[in-house]
Protein chains: 2
Amino acid sequence: MTWIDDDAFGPQHPFGPQTLAYGLVDEGLAVRVGNQALPLAELNLGERLEPLVKAENLNPLLAAGRIAWSELRARLTEIVTASGAPAGARLVSLSTAKLPFAVGDYVDYYSSRNHAENVGRMFRPDAAPLLPNWTHLPVGYHGRSGTVVGSGTPVVRPKGQRKAPDAAEPSYGPSTRLDIEAEIGFVCGGPVTSEVRTRNAAEHIFGVAVVNDWSARDIQAWEYVPLGPYLGKSFATSIGKWITPLDAFSAARVPVPEQPNTLLDYLVSEEPSGLDIRLEVQWNGTIVARPPFAEMNWSFDQQLAHMTVNGATVRPGDLFASGTVSGKNKEERGSFLELSWGGKEPIELADGSTRTFLEDGDTIVITGWAPGPDGSVVGLSEVTGTIRPAA
Amino acid sequence: MTWIDDDAFGPQHPFGPQTLAYGLVDEGLAVRVGNQALPLAELNLGERLEPLVKAENLNPLLAAGRIAWSELRARLTEIVTASGAPAGARLVSLSTAKLPFAVGDYVDYYSSRNHAENVGRMFRPDAAPLLPNWTHLPVGYHGRSGTVVGSGTPVVRPKGQRKAPDAAEPSYGPSTRLDIEAEIGFVCGGPVTSEVRTRNAAEHIFGVAVVNDWSARDIQAWEYVPLGPYLGKSFATSIGKWITPLDAFSAARVPVPEQPNTLLDYLVSEEPSGLDIRLEVQWNGTIVARPPFAEMNWSFDQQLAHMTVNGATVRPGDLFASGTVSGKNKEERGSFLELSWGGKEPIELADGSTRTFLEDGDTIVITGWAPGPDGSVVGLSEVTGTIRPAA
């Protein structure tokens with residue numbers, strides 16, 4: 001037993017001492033211990049770390065780099081596992097948590113082959129489902145960083161322009177095909193000003209979070225050629241408010257499934273860099289999917305190496321997400337577009353109602369966890385959002 | 001004559017009192033007067049404006065909104081046209097100017113029909129050059145805001161993955177088709193948290209700048225389906241270091257060319273919102289193109305209305321660019337892809353050498369100006385960049 005008085009704090013709990021996710025509450029930067037938060041500002045952390053944890057958000061810590069991250073995690077592990085409460089320690093509510101970092105650039109990948117093939121079949125029914133570049137590089141694009149919001153932020157149904165394939169002209173109105181994308185996001189340190197090798201990628205990745213990349217499929221389908229998704233995605237992207245350090249996933253590393261072709265050297269992953277994160281999607285309380293992140297075909301080290309191969313710099317707070325996580329099986333698909341097969345196969349919820357896409361008032365909760373050391377469980381902070389009617 | 005001792009300061013000069021572009025020099029925020037800079041921090045501007053101009057960059061002024069922008073411009077007009085030097089006024093060098101604002105999100109549009117058709121003919125030779133959505137909405141996508149750099153920053157030739165149409169496999173190496181895109185960018189105030197109507201768009205646009213959206217065509221052509229350009233663009237985007245206020249373009253407003261179809265209401269432009277800006281592209285000192293911004297088919301008010309129609313918010317410092325400006329005539333095209341027709345028609349420079357795409361050591365200068373009130377000329381700050389060899 002440690003000094004922390006929380007039934008949910010122990011190795012069998014997702015936010016036990018093996019996790020130590022970082023967040024921001026009214027009392028400042030904090031680490032999550034079970035269902036409470038331990039603010040960092042008053043702890044005795046030494047003169048190098050203390051200015052970092054007294055900052056207004058995680059960005060100075062992100063900029064401090066991996067040595068500081070490791071030092072802080074080691075010190076916090078000592079503190080939370082001590083039998084007596086250290087000086088300055090007090091536990092506070094999680095309820096005031098907010099998005100804990102300023103997002104730099106936000107890149108969204110497309111790294112599930114199952115997802116890419118499913119979307120290809122629906123959006124481009126007359127062509128091969130997978131485009132020729134997909135197995136050679138992690139396809140991705142920039143999203144809107146200014147509309148990345150913390151879990152719990154309501155999502156207003158977007159309005160916009162769309163055109164059904166059989167319509168003569170486009171029309172304007174609230175999206176009728178509002179969807180989710182269950183993803184995993186990576187929060188970067190930096191600045192990184194030179195090309196990142198896959199073997200060094202973990203040096204620049206601070207932590208991991210669940211992401212819901214809300215998507216208006218009707219808007220997206222009409223707008224996306226030739227420059228990619230824009231308004232179909234830019235209204236909101238939700239992220240878990242506690243960032244689980246990459247270090248917490250040491251027992252969750254798995255090999256990335258091999259591509260069917262030889263990869264260019266800069267994309268070869270030199271160690272198991274897949275992560276065995278299990279996601280669960282709840283729609284108004286009904287579990288509708290369990291997407292397996294371990295099946296993703298491009299991993300964070302390949303994505304970061306690709307992002308920087310052209311000389312692009314990375315800033316502390318840059319976020320990149322994996323793309324929709326979809327497994328081989330139907331009940332493992334991370335979007336409603338796939339689960340309902342373009343709206344043709346309704347999904348039944350526990351209350352007997354059926355859904356294809358999101359209705360006003362619907363609430364989505366996406367949770368995630370991974371195996372931790374010694375049989376423990378490493379938690380990811382849930383992402384929730386409720387749909388509000390169009391403005 | 002005013003107190004400003006600069007031969008280049010007068011209504012016939014592009015940076016005369018009719019322009020008053022804002023920038024950031026070692027002495028702080030400043031306004032450009034001819035070939036010198038007038039720092040703002042020591043001027044008597046009143047208690048509301050003084051904190052804004054003493055900030056570390058333009059963002060607090062961007063956040064202050066149009067009333068403050070108009071008040072500051074009026075007061076500076078008085079100051080620079082006075083016969084005697086006001087208290088606190090001193091002129092300093094332009095040479096220390098740097099990018100004067102922190103870029104929020106960067107969106108790049110694709111609003112020249114001439115350009116879109118030219119690119120369509122080259123990238124998709126077997127299809128109609130213009131995709132069906134193009135005349136119904138301003139096609140755009142998010143670029144990388146972290147690699148927007150001020151004019152003069154050298155551009156390192158990007159490396160990456162590309163595959164020639166006739167190659168069996170993709171290859172890795174420095175881009176062999178490095179290009180420019182001559183564009184106009186708009187710098188936003190904000191935050192804007194509700195949908196912007198076209199008639200109110202000017203309330204949220206602070207100023208205008210020349211942009212060079214450097215593009216690696218070989219990387220772009222292989223990567224861009226289905227999610228749009230990514231590494232082909234993300235290595236660098238250059239912008240002029242002095243932001244010309246939108247207010248300076250009152251005499252340059254021209255109607256936007258009509259689309260061939262009826263527009264949805266939210267995209268109807270209610271006043272002439274095209275801008276008669278003339279661009280000039282110099283390649284190692286040879287003028288190779290004079291792209292006419294007045295021919296653009298989507299205007300800033302339509303672009304901002306579109307950007308926010310889905311509920312996306314705008315932050316102070318958000319930047320959106322027009323897309324390549326290309327006129328009907330060959331010598332008006334704003335990219336080398338178009339000028340050399342995909343590399344098939346070399347361009348001859350004044351020294352007798354020829355070019356298709358950029359070579360290491362090449363320097364590009366893009367300048368711009370517009371008609372001002374009473375026969376004056378309103379200047380845009382030039383964008384220059386020299387290509388350095390791949391790392």
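Select L130(A) in the loop that joins α4 (113–123) to β6 (140–143) of chain A; helices (H or I, at least four residues) and strands (E, at least two) are DSSP runs numbered from the N terminus. This is a predicted model, in which local features need pLDDT of at least 70, side-chain atom pairs count only at pLDDT 80 or more, and totals for chains, interfaces and linings use all residues. Residues are numbered from 1 along each chain as its sequence is written, chains are lettered from A in the order in which they are written, and side-chain values use heavy atoms, with hydrogens and water left out.

L130(A) has 16% relative accessibility and therefore counts as buried (under 20% relative accessible area; 1.4 Å probe, protein chains only). Beyond four places in sequence, L130(A) is in contact (heavy atoms within 4.5 Å) with R113(A), A116(A), E117(A) and T135(A).

Next, display both chains. Chain B superposes on chain A by a rotation of 180 degrees with 0.0 Å of shift along the axis, RMSD 0.0 Å (least squares on the C-alpha atoms of residues with pLDDT of at least 70 in both). That is the relation of a two-fold axis. Select G228(B), whose C-alpha, at 2.0 Å, comes closest to the rotation axis among the residues of chain B.

Finally, move to Q18(B), in the segment before β1 (22–25) of chain B. Q18(B) is buried, at 10% relative accessibility. Its side chain reaches the backbone oxygen of H13(B) at 2.8 Å. Other residues that Q18(B) touches include R73(B), A248(B) and P373(B).

Note on methods:
Buried means under 20% relative accessible area, exposed over 50%, partly exposed in between (1.4 Å probe, protein chains only). A polar contact is a pair of N or O atoms within 3.5 Å; within protein, one must be able to donate a hydrogen and the other to accept it, and residues adjacent in sequence count only if both atoms are side-chain atoms.
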